[in-house]
Amino acid sequence: MTDTGLELAARDTSPERLSDVVYDGIVALIARGDLRLNSRLPSETDLSTRFAVSRPVVREALGRLREDGVVVSRQGSGTYVKRQPDLAVLRFAQVGSLADVQRCFEFRAGHEAAAAALAAERWQEEDLQHLREALEVLERCVKTGTVGIEEDRQFHEAVAHATRNPYYISIQESLAPHIATGMNITRQLSLLRTPERLRSVQSEHDAIFEAVRQRDSEGARLAMQRHILNARQRMFEGV
């Protein structure tokens, strides 16, 4: 990933895409240690010069970094590094993909939470069996220390199928490549952590399954939302 991402910007100069370039670029600077934990970021003017974009584009990127807990603004003082993502995140993410992955998590937190709630109300025995089998396969991934991207994706698709609503199923399947990108990053990072990390992620899947099985619609919605928002935060957990 280059500091400026000018190759990407040259292909798409929309403000939204340029803010993605700045977002990814700042994350890279922090992960590499060029901007250290608790240090102050360069001014908006300096950042706009560095990334060859306007100040509104920089503000958009900084706003999203604040939402993701990577930086924090202090009134009258500037913007500071709040979290230092693991350098490995740059190894597992495609160039220019970090901002898009976070947007996908944001969408999934609402969409898949609603799907889980509906699945709890509507599942039939074959749906529950598919969910149980997907959960057992994920458990084997935890025990063997394998990444389990495809297995994770299948669990979430099994939830969508349990809604018995073709629109939820279609959207889940159409998002599969984007979802897999985020899963690859977060699950690869989890493998670098303690075994307890993998177990905590699996516990989130267990909670989703149990709430669906018990036909606890609200519990399933909250469990799924919590799982996806936690995954979003895990992407930028510090070293």
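**Entry 1: a helix pair**

I started with two helices and noted that α6 and α9 cross in the left-handed sense. This is a predicted model, so I read everything below with that in mind. The axis of α6 (residues 98-122) comes within 11 Å of the axis of α9 (residues 166-174), and the crossing angle is roughly 140 degrees. Next I listed who makes the contact. On the α6 side I found Phe107, His111, Glu112, Ala114, Ala115 and Leu118, and on the α9 side Tyr168, Ile171 and Gln172. Sorted by class, that contact has 6 nonpolar, 2 polar and 1 charged residues.

**Entry 2: salt bridges**

Side chains of opposite charge can pair when their charged atoms come close. How many salt bridges does the count come to? I got 19 salt bridges with a 4 Å limit between nitrogen and oxygen.

I looked up Asp34 and found it in a salt bridge with Arg32, the closest N and O atoms being 3.3 Å apart. I have Asp34 down as partly exposed, at 49% relative accessibility. Arg32 is partly exposed too, with a relative accessible area of 36%.

Then I took Arg193 and Asp86, whose side chains meet in a salt bridge at 2.9 Å, N to O. Which parts does this pair tie together? Arg193 sits in the loop between α10 (176-191) and α11 (195-213), while Asp86 sits in the loop between β2 (78-81) and α5 (88-92), so the bridge links parts that are 107 residues apart in sequence. Arg193 comes out as partly exposed at 24%. Asp86 is buried, because its relative accessible area of 14% falls under the 20% cut-off.

My next pair was Glu157 and Arg153, which form a salt bridge at 2.4 Å, N to O. Both residues belong to helix α8 (residues 149-162) and are 4 residues apart, so about one helical turn separates them.

**Entry 3: cysteines**

I searched the whole structure for disulfides and got 0. Cys104 counts as buried at 12% relative accessibility, and Cys141 is buried with a relative accessible area of 5%.

Ser217 was next on my list, and I placed it in helix α12 (residues 217-234). What is Ser217 in contact with, leaving aside its neighbours within four places in sequence? I found Ala117, Ala120 and Glu121. Ser217 counts as buried, because its 18% relative accessibility is under the 20% limit.

Last, I looked at Thr144, which lies in helix α7 (residues 125-144). Thr144 counts as exposed, because its 57% relative accessibility is over the 50% mark.

Key: Residues numbered from 1 in each chain as written. Predicted model: local features only at pLDDT ≥ 70, side-chain atom pairs only at ≥ 80, totals over all residues. Heavy atoms only, no water. Buried < 20%, exposed > 50% of the residue type's maximum accessible area, 1.4 Å probe, protein only. Axes fitted to C-alpha atoms, helices over the stretch in contact; angles between N-to-C directions. Left-handed = near helix turned anticlockwise from the far one by under 90°. Contact = heavy atoms within 4.5 Å. Nonpolar A, V, L, I, M, F, W, Y, C, P; charged D, E, K, R; others polar. Disulfide = S-S within 2.5 Å.
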